[in-house]
Amino acid sequence: MRKLTLQDIGELAPKKALLPTPVNRVIFVNDRSGSMAALHSRVTADVQKRIEALRESDKRLGQKSFVTIWDFSTYSSNPLSNVPVETATYRGFVGHNNMTALNATVREAIDGGLKIEPLSTDESFLVIILTDRGNNQHPYEPLEVAKVIKQLPENWTVTIIGPPVNMTWANEA
C-alpha cells in the first residue's frame, strides 16, 4: 500500500472554480509616524471614504472588492486583511512616534497580497501608499523594494500619495 503525501492530497482535492466577476484587491499603506500626527484623523476619514466609494462601486458595477490596510510608524500593523468591502470599516491607528518603517511595510503589504488565493479570472491589485516622507527604519533597502515592485504581475498597480522625498525606490520602480 502506498502512503499519500501532502502533495498527493492537494492534487486529489477538487480545484476551486474561479468566478467570472471582476475582483479588486485594494491595499492601503498608511504612514502613522510622528510627522503625520496632525493628519491622523484626516487619513482615517479619507481611507474610510475610499472604502465606502468601493462599496458603492461594487453595487453599481457588479464587482467584488476586498480591502487590506497596513499602518506603520516604527513598526507595521495590519488591522484589516483581505476583508470584503461590504463589511470593512477603518477606525484608524492608535499611537505614533517619529520613526518610519516605510520600506518594510510596503514590502510586507506586497508579499501579503501575492499570497492571496485568486477568486476570479479578472482580478486586480491596487496598492495606495500614503506618506509624507521617506524611510528611516530600513530592514529592506530602497532598491530591493523597487525590484519587488518592478517584478509585480501586470494586474498590480502601486501608487504613492505624498511627496517622493527620500523614496528612492519610488523613482526606481
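In the predicted model, buried residues account for 40% of the 173 residues in the chain. The accessible surface of the chain amounts to about 9,900 Å², and carbon and sulfur atoms contribute 55% of this area. Five helices and five strands are present, arranged along the sequence in the pattern α-β-α-β-β-α-β-α-β-α. Of the contacts between residues at least 6 apart in sequence, 76% join residues at least 24 apart.

The largest nonpolar core comprises 17 residues. Those with the most contacts inside this core are Ile27, Val29, Val106, Ile110, Val127, Ile129 and Trp156. At least two core residues come from each of β1 (23-31), β2 (64-72), α3 (102-114), β4 and α4 (142-150). The greatest contribution is that of α3, with four residues. Another core, of 16 residues, lies apart from this one and includes Phe28, Val67, Val83 and Tyr90.

A search of the whole structure returned one aromatic pair. It consists of phenylalanine 125 and tryptophan 156, which are stacked, with 4.3 Å between the ring centres and an angle of 0° between the planes. The two residues are 31 residues apart and link distant parts of the chain, phenylalanine 125 belonging to strand β4 (residues 123-130) and tryptophan 156 to strand β5 (residues 156-161). Both phenylalanine 125 and tryptophan 156 are buried, and tryptophan 156 is also among the residues with the most contacts inside the largest nonpolar core. A ring is involved in a further arrangement, in which the charged end of arginine 25 sits over phenylalanine 66, 4.5 Å from the centre of its ring.

Helix α2 (residues 40-61) contains 22 residues and should therefore span 32 Å at 1.5 Å a residue; the C-alpha atoms at its ends are 31 Å apart, in agreement with this value. The buried positions of α2 are His40, Val43, Thr44, Val47, Gln48, Ile51, Leu54, Arg55, Ser57 and Asp58. In an α-helix there are 3.6 residues a turn, so residues three or four places apart point the same way. The buried residues of α2 pack against strands β1, β2 and β4. Just after α2, glycine 62 adopts a positive phi of about 70°.

Technical notes:
Residues are numbered from 1 along each chain as its sequence is written. This is a predicted model: local features need pLDDT of at least 70, side-chain atom pairs count only at pLDDT 80 or more; totals for chains, interfaces and linings use all residues. Side-chain values use heavy atoms; hydrogens and water are left out. Rings of Phe, Tyr and Trp (its six-membered ring) pair if their centres lie within 6.5 Å; planes under 30 degrees apart count as stacked, over 60 as edge-to-face and the rest as tilted. Buried means under 20% relative accessible area, exposed over 50%, partly exposed in between (1.4 Å probe, protein chains only). A charge sits over a ring if NZ of Lys or CZ of Arg is within 6 Å of the ring centre and within 35 degrees of the ring normal. Contact means heavy atoms within 4.5 Å. Accessible areas come from the Shrake-Rupley method with a 1.4 Å probe; for residues, only the protein chains shown count as cover. A nonpolar core is a set of buried Ala, Val, Leu, Ile, Met, Phe, Trp, Tyr and Cys residues joined through side-chain atoms within 4.5 Å. The expected span of a helix is 1.5 Å times one less than its number of residues.
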